[in-house]
Amino acid sequence: MISGEGTNLQALINAQIEKKINTEILAVISDNEHATGLNRAKKANIPCIYLNRDLFSSKEEFETEISKNIIELDPDLIILAGFMRVLGKNFINKLKGKIINIHPSLLPALKGLNTHERAIDSGNFFHGASVHFVIAELDSGPSIMQYKIAIKKDDNKRTLKNRVHKGEYLILVETVKLFTMKNLKLDNNSIIINGEIMKNPILYEEDF
Ligand code: GRF
């Protein structure tokens with residue numbers, strides 16, 4: 001599910017073409033008709049579903065339509081890759097354990113928007129990205145993988161974004177690979193991998 005550029009989607013498409021992941025992207029769902037990601041999907045012959053929020057009288061109805069589409073597709077995994085809407089409890093609980101999100105910060109730090117700007121303003125030494133299971137509380141589900149970078153003195157919003165994005169592509173593809181290879185699930189807000197609780201997210205670092 002996307003709303004914009006779709007560079008994370010592109011990373012998944014590339015990984016699939018290069019056979020780094022053994023997957024089939026069943027469809028790309030967008031709430032934005034003009035999302036560049038839709039062109040990326042079309043180019044890769046992936047079916048696209050555009051759902052216009054304005055045609056639904058409530059958020060609930062809009063999300064019911066999204067979930068109807070998803071249930072019909074019957075995917076093993078739903079990836080929020082830059083889907084810029086906060087999904088409601090009903091939607092998430094219906095599909096809980098099947099939805100992951102890529103977020104541009106080292107969660108639980110910097111939930112929400114404008115994370116690169118906020119990372120610089122915070123005076124923190126580190127920043128990064130997380131792939132996490134989606135639960136009803138925003139950006140609060142347990143992280144499966146994280147990518148960490150050190151914030152340099154001359155970094156700005158743009159340089160941080162570029163460096164974090166590279167990490168996003170890496171951990172998103174690696175997480176999908178993990179899903180296809182291991183028995184990974186969400187149980188009571190803990191990640192279970194091959195029957196064992198995963199205590200910490202798998203960590204990658206820049207220049208790893
Ligand atoms: C990424 O930074 C992701 O972490 C956030 O939205 C952005 C999407 O970028 N959730 P793109 O559309 O994949 O280029």
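I began with the secondary structure around the ligand in this predicted model, and found that helix H1 (7-17), strand E4 (99-103) and helix H6 (157-181) each supply at least two residues of the shell. I then listed the shell itself, which consists of Glu-5, Gly-6, Thr-7, Asn-8, Gly-82, Ile-102, His-103, Pro-104, His-165 and Glu-168; sorted by class, these are two nonpolar, six polar and two charged residues. Checking the domain assignment, I noted that domain 1 (1-95) and domain 2 (104-208) each contribute at least three residues to the shell.

One oxygen atom of the ligand lies 2.5 Å from a polar side-chain atom of Thr-7, and a polar side-chain atom of Glu-168 is 2.8 Å from an oxygen atom of the ligand. As for its location, the ligand sits in the largest pocket.

Finally I turned to the backbone. Most peptide bonds are trans, and most residues other than glycine have a negative phi. Against that background I recorded a cis peptide bond between Leu-107 and Pro-108, with omega about 15°; Pro-108 belongs to the loop between E4 and helix H5 (115-122). I also recorded Asn-188, whose phi is positive, near 55°, and which I placed in the loop between strand E7 (184-187) and strand E8 (190-193).

Conventions:
Residues are numbered from 1 along each chain as its sequence is written. This is a predicted model: local features need pLDDT of at least 70, side-chain atom pairs count only at pLDDT 80 or more; totals for chains, interfaces and linings use all residues. Side-chain values use heavy atoms; hydrogens and water are left out. A residue is near a molecule or strand if one of its heavy atoms lies within 4 Å of it. A polar contact is a pair of N or O atoms within 3.5 Å; within protein, one must be able to donate a hydrogen and the other to accept it, and residues adjacent in sequence count only if both atoms are side-chain atoms. On a 1 Å grid over the protein atoms alone, a cavity is a set of points where a 1.4 Å probe fits but cannot get out, and a pocket is an open set with protein on both sides within 12 Å along at least five of seven lines; lining residues have an atom within 4 Å of a point. A molecule sits in a cavity or pocket if more than half of its atoms lie within 2 Å of its grid points. Helices (H or I, at least four residues) and strands (E, at least two) are DSSP runs, numbered from the N terminus. Ala, Val, Leu, Ile, Met, Phe, Trp, Tyr, Cys and Pro count as nonpolar, Asp, Glu, Lys and Arg as charged, and the others, Gly among them, as polar. Domain bounds come from an automatic or database domain assignment.
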